Structures are given as C-alpha cells and as structure tokens.
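Please consult the sequence and the structure shown here alongside the text.

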Amino acid sequence: MKLFILLLTFCALCRPCEISVAAGTNAFVPANPPEMKPLTDRTSPAHRTARLFQHGVNLGNYLEAPSDWGVRVSAGEFDQMHAEGFDHIRVPVGWHRHTGPGPDFIISPDFFGQVDFVVTNAFASHLAVLVNLHHFGEFDTNPVESTDRLLALWRQIAAHYAKFPPTLAFELLNEPHDHATTTVVNPIYARVLTDIRQTNPNRTLFVEPGNWGNIDELKNLVLPAADDNLIVSVHCYEPFRFTHQGAGWSGPDVKVQGIQFPGPPATPLVPDPALKLNPWVAEWIQNYNTLPTEKNPSSPAAFTGRLKLAHEWSEHYGRPVHVGEFGCYTKADPESRVRFYAAIRRTLEEQKLGWAVWDWSGSFRYWDKRKNEPVSGMREALFGK
Ligand code: BGC
C-alpha cells in the first residue's frame with residue numbers, strides 16, 4: 001500500500017518527456033509579446049546578484065518532499081558544499097504542505113524553523129540561497145483559484161525573511177505546468193511581485209516560465225518593465241530519455257534503461273519487447289543506436305541549441321537567465337552520468353548561464369553521504385578545467 005501511495009505521488013509529479021530534437025539552432029528571433037520590454041542596463045541589481053548565483057546545487061528530495069524521502073542534511077554539509085566549489089544552494093520548499101486552513105494559510109513556525117536552519121547554516125558557509133515554492137500541484141491544476149493561497153504564502157515568507165541579507169533570493173514557483181501556462185502565470189507573477197516588494201523592495205526574485213520551466217516558453221514571458229531585479233529560471237533535463245531512464249515518476253516512455261551518454265553505443269541497445277514501447281520511443285532508440293554522436297539524440301545536441309537560445313533570449317531582453325535544474329538519475333551508468341554532467345556544465349559555461357545542479361544527496365546525487373565525498377567523477381565533471 002505504501003508503495004502504491006508513493007507511486008501515485010511520483011506520477012502526480014511526472015514531468016512529460018520533452019522533445020529531444022535540438023531547438024534554437026537557428027538565428028534567434030525575439031518573439032515575446034510587445035509588453036515584454038527589453039532592458040538595456042547590464043549592471044542592473046539582477047545582473048549583480050546573478051554573479052553570486054553561478055554554480056549551485058539543489059537540496060533536492062528534502063524540504064519539498066510530501067513525506068520523508070530519506071534525505072538528511074547536517075549543519076556541517078554546507079561547508080562541504082562550499083568547499084566543493086558551489087557558490088549557492090537552491091532550496092526546494094513545499095510551504096503549502098505546512099499551513100493552517102484558508103484564507104490565512106498560516107505557515108507553521110516549526111516549518112519556518114526547518115527552512116531557517118538551512119538558510120542560516122548556508123549563510124554561515126558563505127553560500128547564497130535561493131528559496132522557492134516547490135510541487136504546489138493545486139496551483140498547476142487551478143491557477144486562478146489558487147492565486148489567493150499563493151499570495152498568502154509569499155506575503156508570509158517575504159515578511160519572515162525581509163531583514164535577511166541580499167544573498168537570499170526567492171523563486172516564486174517551481175515548474176508551473178498544466179493549466180499554469182506562461183500566459184496564465186504572467187499576471188499572477190505580477191501580483192505576487194507587487195506583494196513581495198512591499199516588504200522586500202530590493203530582494204532579487206526568480207521567475208520561471210510554464211511547461212516545467214521549459215526554455216521554449218521564454219518567448220511567452222512578460223515581466224514588469226519597472227522591476228529590474230528579476231532573474232529568469234529555466235530547467236533543462238535533455239536528453240530526457242537518458243537523464244530520466246528508469247524514473248518511475250516520469251511515465252512509460254522512460255522505461256528503457258541502459259542508455260549511455262553519448263550515443264551511439266558500441267553494441268546496439270535492444271529493448272525488452274515486453275516493455276511495448278510507443279513508436280516514438282522505438283524510433284528514438286533506433287536513432288540512438290545508429291546516428292553519429294553529433295546528431296545522436298543522447299548527446300550534447302539535445303541541449304546545446306536550447307541553452308544557446310536561453311543565452312540569446314537573455315541578451316536580447318536584458319534579463320539574466322539561471323538554469324535552476326539539470327541532472328541525471330542514478331539509474332544511468334556512472335560513467336555516462338559523469339560524461340553528461342561534464343558536457344552540460346561546459347555548455348552552460350560557454351553560454352554564460354548560471355546553474356544549479358539537481359541534486360546534492362538525493363536520487364540524482366552529487367554527494368555520496370556514505371563515503372562522505374562526491375560521487376566518483378562528479379567533482380571533475382562540475383569543477384574540473
Ligand atoms: C522534482 C524532483 C525530481 C527532479 C527530476 C524536480 O523538479 O522536484 O522530484 O526528482 O525534478 O525529475
């Protein structure tokens with residue numbers, strides 16, 4: 001029964017397989033609605049803060065988890081994060097799970113205490129901190145009906161941290177999706193920003209487009225022109241069938257395991273016929289088995305064009321872009337994982353995008369808690385020359 005509930009929870013979190021072709025390889029054409037005004041100042045408060053949020057790590061599977069997912073974080077670990085080379089942490093937080101009833105939705109002081117533990121220890125270890133609102137599924141299903149609740153949460157969080165140093169940033173919503181499209185969330189973000197600015201006029205705020213923070217959604221974003229302290233957060237899990245192979249919460253199309261990075265494999269991968277793959281997955285595997293690396297769906301071709309697009313969009317609109325999540329589940333073979341992290345990190349840096357890897361010690365881990373050291377090869381992948 002417990003397993004069943006866990007599976008249901010995972011399915012509810014399921015991110016659809018993103019298209020795996022390289023996007024944005026052609027010349028960038030600005031296409032946002034005319035209300036999205038390009039900003040010209042490259043020394044804006046957001047640009048200055050972005051420099052503090054370059055190489056981060058997500059404290060995943062911890063304060064956002066609906067039940068105990070087994071991640072423990074001790075005060076000493078923040079020093080380890082900093083010593084590894086991370087300059088910030090992204091803290092996914094399930095605030096909505098720890099409140100009293102509406103209309104006030106009072107956040108439990110005990111839960112604030114748990115988040116404060118993370119924030120203050122991270123500061124003590126010289127890490128900047130990005131706190132978000134994660135897995136607020138009711139909002140994705142009913143964004144308009146859930147807006148008051150979103151506002152009530154952010155008013156409290158903003159008031160609680162109003163006096164904290166500027167190295168604390170807030171991210172309004174993780175991966176809006178479903179009915180929470182970019183177009184629907186644009187005016188809702190504007191309302192939340194107005195409220196947060198009452199108590200935190202100078203704090204840097206991160207906003208994420210719809211379709212799970214998809215880079216292709218940047219073109220639909222409309223940000224208030226008068227607010228120059230906003231960073232845009234996007235996520236990139238391409239090549240999804242490689243990074244999410246065996247991820248039970250990501251639907252039937254990622255069941256095939258044994259996919260290496262980069263392809264093609266020395267010996268073709270022959271999926272078990274019992275998996276009854278959808279035709280588009282079978283075709284993907286066929287391409288993976290046969291195409292040369294530069295065109296292979298399990299290769300940097302899956303993310304290079306997208307990340308280039310994010311960079312070009314950022315340059316055009318004068319808004320820093322941060323890649324708040326990328327990573328690979330531990331079901332991929334360890335050598336491929338390391339090659340993947342090294343390749344995407346290189347591309348992120350070529351495109352001058354700040355990043356936060358998913359995750360510290362959860363199921364996409366950087367850190368091996370049992371050995372008290374990074375998973376083999378990960379330090380070189382993220383911080384090597
Ligand atoms: C989710 C995690 C998941 C990760 C990779 C995150 O946004 O919160 O639960 O493991 O994406 O799919």
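The sections below describe salt bridges in this predicted model.

## Overview

Side chains of opposite charge can pair when their charged atoms come close. In this predicted model, the count comes to 12 salt bridges. Among the residues involved, Arg90, Glu171, Glu208 and Glu325 are linked in a network of salt bridges.

## Arg197 and Asp227

Arg197 and Asp227 form a salt bridge through their side chains, with an N to O distance of 2.9 Å. Because Arg197 belongs to helix α7 (residues 182-199) and Asp227 to the loop between α8 (210-213) and β6 (230-235), the pair ties together parts that are 30 residues apart in sequence.

Arg197 has a relative accessible area of 17% and is buried. Asp227 is also buried, at 12% relative accessibility.

## Asp216 and Arg306

A salt bridge joins Asp216 to Arg306, whose closest N and O atoms are 3.4 Å apart. Asp216 lies in the loop between α8 and β6 and Arg306 in helix α11 (residues 301-317); the pair thus links distant parts of the chain, 90 residues apart.

The relative accessible area of Asp216 is 23%, and this residue is partly exposed. Arg306, by contrast, is buried, at 1% relative accessibility.

## Lys308 and Glu312

Helix α11 contains both Lys308 and Glu312, which are four residues apart, about one turn of the helix. Their side chains meet in a salt bridge with an N to O distance of 3.3 Å. Lys308 is partly exposed, at 28% relative accessibility.

Key
Residues are numbered from 1 along each chain as its sequence is written. This is a predicted model: local features need pLDDT of at least 70, side-chain atom pairs count only at pLDDT 80 or more; totals for chains, interfaces and linings use all residues. Side-chain values use heavy atoms; hydrogens and water are left out. A salt bridge is a side-chain nitrogen of Lys or Arg within 4 Å of a carboxyl oxygen of Asp or Glu. Helices (H or I, at least four residues) and strands (E, at least two) are DSSP runs, numbered from the N terminus. Buried means under 20% relative accessible area, exposed over 50%, partly exposed in between (1.4 Å probe, protein chains only).
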